[in-house]
Amino acid sequence: MLDLARLRALHAVAVHGTVGAAADALGYTPSAVSQQIAKLERETRTKLLERQGRGVALTDEAVRLADAARELLSIVERAETDLEERRGVPAGRLTVVAFASAARGLLPGTLAELARRHPALDARLTEVEPHLSVDLVAKGAADLAVAHDWDIAPLPAPPGVEQAVIGEDLCDLLVPAGHRLAGRKSVRRAELRDERWISQPPGRVCHDWLVRTMRAAGCEPDIVHQAEENPTLIALVAAGLGIALLPRLGRGPLPAGVVAVQLDPLPARRLYAVWRTGAARRPAIAEAVRVLRETWDTVTAADDTTVTTAADTAVTATADKPVGAAAGPPPLMS
């Protein structure tokens with residue numbers, strides 16, 4: 001009989017693409033995953049992985065076996081869900097994936113509260129790129145995802161996946177303290193046509209949103225600096241090298257020399273919790289979504305005056321805390 005743990009390792013390699021990424025997702029070392037695959041090869045008398053450059057590729061036989069493994073893991077998940085539902089208590093392992101600012105600004109409080117309330121629940125977080133999270137849930141590589149979308153890029157909803165709104169994350173225009181707009185309470189988009197912008201690289205939702213929005217306002221944004229991480233973007237603004245548009249969640253206190261100005265109309269991205277339909281009855285999923293919303297409300301209530309101008313930066317110390325709009329929309333089911 002095929003060993004389920006070895007099949008799980010093969011499935012993880014198929015989903016994540018590399019042994020190292022599979023190991024991260026499973027909480028193992030790459031060596032341990034490789035050993036599991038080697039044992040499965042001996043068990044099946046079949047070559048499963050082939051060297052391809054610096055990485056590996058699944059053989060045709062491995063692809064078919066990984067598909068079968070996914071079906072078996074789904075059956076196991078349903079059995080575990082039934083048992084947990086009967087007990088009525090969140091328990092077992094819950095794998096969570098989230099994009100960077102949610103992993104920084106929302107998940108620490110959520111995971112700590114889940115651990116406090118439910119000692120039998122082993123919740124584990126992995127930070128992933130935003131566009132990967134929903135697919136990882138759909139493929140069974142994660143139990144729950146915190147994802148987001150903008151008006152220009154609605155959240156994908158593949159078959160077998162459900163989602164619920166957590167809240168709306170507002171975005172501010174960040175400018176150097178000496179900038180001509182630093183003393184303004186709000187700024188219209190058309191007023192930004194001659195500005196030098198600092199943004200994430202092309203292909204990121206924030207970058208695409210900026211380009212499309214400024215084009216709609218009748219101008220092509222002049223993006224002079226690009227960086228992956230928000231702290232780097234903020235540091236570039238602080239150095240007076242341009243302006244940037246950043247969400248509030250996980251942003252942290254703004255350094256001296258950077259002022260947040262409200263853009264009119266105010267941009268926002270919507271955050272979702274995403275899980276597989278087959279796991280919807282699992283108490284751990286329902287409780288995690290509940291605590292995510294509670295934590296969001298706490299983050300939101302921490303401060304209602306995030307946006308500051310040069311005139312009140314010195315007297316409004318709380319204005320730089322990461323906040324967002326209060327959650328409250330009904331669940332959106334796909």
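**Lining of the cavities**

Reply: The lining of the largest cavity holds nine nonpolar, four polar and no charged residues, where Ala, Val, Leu, Ile, Met, Phe, Trp, Tyr, Cys and Pro count as nonpolar, Asp, Glu, Lys and Arg as charged, and the others, Gly among them, as polar. This is a predicted model, in which local features need pLDDT of at least 70 and side-chain atom pairs count only at pLDDT 80 or more, while totals for chains, interfaces and linings use all residues. Residues are numbered from 1 along each chain as its sequence is written, and side-chain values use heavy atoms, with hydrogens and water left out.

A cavity here is a set of points, on a 1 Å grid over the protein atoms alone, where a 1.4 Å probe fits but cannot get out, and lining residues have an atom within 4 Å of a point. Grid points are joined across faces, edges and corners, and the volume is the space filled by probe spheres set on them.

The largest cavity has a volume of about 100 Å³; of its 13 lining residues, Ser199, Gln200, Cys206, His207 and Leu245 are the closest to its centre. At least two lining residues each come from strand S8 (196-199), helix H8 (205-216), helix H9 (230-238) and strand S10 (244-247), these being DSSP runs numbered from the N terminus (helices H or I, at least four residues; strands E, at least two). H8 gives the largest share, four residues.

Note on methods. On a 1 Å grid over the protein atoms alone, a cavity is a set of points where a 1.4 Å probe fits but cannot get out, and a pocket is an open set with protein on both sides within 12 Å along at least five of seven lines; lining residues have an atom within 4 Å of a point.
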